[in-house]
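This report goes through one structure, part by part. Please look over the sequence and the model before reading on.

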Amino acid sequence: MKLLKTPLKDCFILEPTVYKDKRGIFYETYNQKLFEKITGLNIQFVQDNQSVSTRGVLRGLHFQHGEMAQAKLVTVVKGKVLDIVVDIRKNSETFGKSFSIILDDVDHRQLFVPKGFAHGFITLSKESIFSYKCDNFYDGAFEGGIKFDDATLALDWHLPKEAFIISEKDMGLPSFEEAVSLLKRE
Ligand SMILES: Cc1cn([C@H]2C[C@H](O)[C@@H](COP(=O)(O)OP(=O)(O)O[C@H]3O[C@@H](C)C(=O)[C@@H](O)[C@H]3O)O2)c(=O)[nH]c1=O
């Protein structure tokens with residue numbers, strides 16, 4: 001497994017070692033000992049989630065705040081997505097900066113999304129199976145979000161807007177400015 005840096009503080013990419021043979025492929029999706037050795041982080045993941053989406057489905061940008069903040073290790077089991085993260089930690093040197101990456105079932109890369117980041121993705125393939133580990137439990141009372149088309153962030157989601165399929169909840173999310181104004185300096 002290889003660790004690749006991103007321009008955002010504490011956010012990195014993991015590239016698993018993929019073993020190929022005549023039957024197909026094998027790779028470890030998570031190995032706590034190796035994760036700790038490579039990242040230097042002692043994280044206890046407590047919840048695993050999986051979502052299935054069709055092309056154009058955009059989920060995000062989401063985060064949990066305060067005591068329920070979550071670090072996530074995200075990956076794509078099937079298909080291809082554009083994954084986007086935004087550092088919304090007010091004390092961070094990369095506050096307000098975003099990073100995007102293609103995650104797919106070819107490279108099997110994983111993105112580590114630290115606590116205090118907003119996260120979203122859009123499915124670029126016909127269907128995607130998106131899987132992620134979280135180091136804190138889901139709690140709707142601590143959910144926050146930023147509207148996908150926020151003017152300050154000006155994110156490029158790679159597909160025309162007409163193709164987007166978005167939940168009503170996500171359509172009603174606030175701007176970047178509004179969302180961060182509610183956050184404490186953590
Ligand atoms: C996230 C989540 C949702 N739910 C429920 C709440 C709701 O009824 C249903 C669908 O929830 P959502 O619409 O929030 O699902 P979704 O839009 O897929 O939410 C996810 O988006 C990506 C971008 C993330 O980063 C995740 O952390 C998570 O926020 O599932 C849980 O029971 N546990 C969970 O951990």
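## Contacts of Ala 118

Setting aside its neighbours within four places in sequence, Ala 118 is in contact with Leu 61, His 62, Phe 63, Val 85, Val 86, Ile 88 and Ile 146. The model in which these contacts are found is a predicted one.

## The nonpolar core

The largest nonpolar core has 33 residues, and those that touch the most other members are Val 85, Phe 117 and Ala 118. Two or more residues of this core come from each of strand 6 (58-64), strand 7 (72-78), strand 8 (80-87), strand 10 (110-113), strand 11 (117-123), strand 12 (127-134) and helix 3 (176-181). Strand 8 gives the largest share, five residues.

## Ile 146

Ile 146, one of the contacts of Ala 118, lies in the loop between strand 13 (143-145) and helix 2 (168-171). Is Ile 146 buried or exposed? Ile 146 counts as buried because it has 27 C-beta neighbours inside 10 Å, where the cut-off for a buried residue is 20 or more.

Apart from neighbours within four places in sequence, Ile 146 is in contact with Leu 61, Val 86, Ala 118, Leu 173, Pro 174, Phe 176 and Ala 179. Leu 61 and Val 86 are also among the contacts of Ala 118. Ile 146 and Gly 120 are 26 residues apart along the chain, and their C-alpha atoms are separated by 9.5 Å.

## The ligand

Which residues surround the ligand? They are Asn 49, Ser 51, Arg 59, Gly 60, His 62, His 119, Gly 120, Phe 121, Tyr 138, Ser 167 and Lys 169. Within this shell, two residues are nonpolar, seven are polar and two are charged.

At least two residues of the shell come from each of strand 5, strand 6 and strand 11. His 62, in the shell around the ligand, is one of the contacts of Ala 118.

## The sheet

Strands of a sheet pair through backbone hydrogen bonds, in a parallel or an antiparallel way. In this model, six strands form an open sheet with antiparallel pairing, and their order is 1-2-10-7-12-5. Strand 1 (2-5) and strand 5 (47-54) are the edge strands, each pairing on one side only. From one strand to the next, the twist averages 25°.

At one edge of the sheet, strand 1 pairs with strand 2 (residues 12-15) in the antiparallel sense, over four bridges. Leu 4 stands opposite Ile 13 in strand 2. Strand 5, the other edge strand, is one of the strands that supply residues to the shell around the ligand.

How values were computed. Residues are numbered from 1 along each chain as its sequence is written. This is a predicted model: local features need pLDDT of at least 70, side-chain atom pairs count only at pLDDT 80 or more; totals for chains, interfaces and linings use all residues. Two strands pair if DSSP finds at least two bridges between them. Axes are lines fitted to C-alpha atoms, for helices over the stretch in contact, and angles run from 0 to 180 degrees between N-to-C directions. A nonpolar core is a set of buried Ala, Val, Leu, Ile, Met, Phe, Trp, Tyr and Cys residues joined through C-beta atoms within 7 Å. A residue is buried if 20 or more other C-beta atoms lie within 10 Å of its own, exposed if 12 or fewer, and partly exposed in between; C-beta atoms are placed from the backbone. Two residues are in contact if their C-beta atoms, placed from the backbone, lie within 7 Å. A residue is near a molecule or strand if its C-beta atom, placed from the backbone, lies within 6 Å of it. Ala, Val, Leu, Ile, Met, Phe, Trp, Tyr, Cys and Pro count as nonpolar, Asp, Glu, Lys and Arg as charged, and the others, Gly among them, as polar.
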